[in-house]
Amino acid sequence: MKHSLIIITFGIMLTALSMHSANASEQEHAHNHQSNERTTTPQSQSAAESGNPLVVNAYDYAFDIPTEVKSGWAQVIVNNQRAEEIHEVTIVRLPDEIDYQTYLSEFIEPWMEIWQGMKDGDISRANLFSTASTMLPEWQNELDYRHARGIVSPGKNAEAYAYLPPGTYSVECWLKTEDGGVHIAHGMIRELTVTATESSLQPPKEGTRLQVSRNGIHMPDPITTGEQTFIVEVEPTETGTPVHADLHLIRFDENVNPSEIVQWLDWYHIDGLTHPAPAIFLGGYSTYGSALIDDKAYFTVTINEPGDYAWVIQSDPESPVWMPFTVEN
Ligand SMILES: [Cu+2]
């Protein structure tokens, strides 16, 4: 599990080489734009009351985030209402001796090169790991992923709970533009400091229960429209790693092909996580790194309308793991 996470992170890095100076003005613009609107965002207000919000405003292609957040539980609020494209938020704690600039130059930049090599056909999936290991620093194994892949379609918000020990972090989006450019390389990466001051926030105790196991996805109770909080119990395997890497709530139309959707979730696939998405993504969680605490995940989504929805797990396109269901009013 950890291995695959590291590989995924690699891929994102390729485009980062040029992102830094090129996107400074764009980020500046996004930041100014966002400051004016933040106080009017309902999600920001509700999170502020609960103690430790980490509001991530997404743009095509920039993040506006606070510079620091308290340690302990944080409410990661992804606001994708101002973007035209789908985005995600990965939150990774850097090793103690590695600063953010070193992370960019020694980890992100090689990953962007690796992805370019995959796009050009110079690096195959079969030799990806061996190639990556020669380009990436030893300390990559100490990267500590606390949250990843809460994929959110444009016009939507999603919230998830993450547990963040103090330290220096990177907040980044590994999704890709229509021509295969990783969003990180276009500017969707930011430094975050998690302070020693501890938040009093606790994850929600009330919510709709979900179980994810080797048998698939089990949701005992039907869900309705409105804001929905999910508490997910993820079955560990014999080795202690969760059975599935991630879970997403999607809205789809009758032409949906679940194989196409799970294939799209594969970052290493040449068209994986590339705009446009084959369904509307409303939120979810990933088990990368240390993202699960006590084998549980917590997240909140807003379901605006009744209709056809599904839980989808990144899985083998030959036998996709998904659970379609209908939402009533
Ligand atoms: Cu993005």
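This is a predicted model: local features need pLDDT of at least 70, side-chain atom pairs count only at pLDDT 80 or more; totals for chains, interfaces and linings use all residues.
Local features need pLDDT of at least 70 and side-chain atom pairs count only at pLDDT 80 or more, while totals for chains, interfaces and linings use all residues. Residues are numbered from 1 along each chain as its sequence is written.

Q: What makes β9 and β11 a pair of strands?
A: Two strands pair if DSSP finds at least two bridges between them. Strand β9 (residues 208-213) and strand β11 (residues 226-234) are joined by five bridges and run parallel, so they meet that definition. Within this pairing, Thr 208 has Phe 230 of β11 as its bridge partner.

Q: Why is β10 called a strand?
A: Strands are DSSP runs of E with at least two residues, numbered from the N terminus. Strand β10 covers residues 216-218, and therefore it qualifies. Three bridges pair β10 with β9 in the antiparallel sense, with Ser 213 opposite Gly 216. A hairpin of two residues connects β9 to β10.

Q: Why are β13 and β16 called edge strands?
A: The open sheet has four strands in the order β13-β12-β15-β16, with antiparallel pairing. Strands β13 (280-286) and β16 (321-327) each pair on one side only. Neighbouring strands of this sheet are turned by 20 degrees against each other on average, direction ignored; the axes behind such angles are lines fitted to C-alpha atoms, and angles run from 0 to 180 degrees between N-to-C directions.
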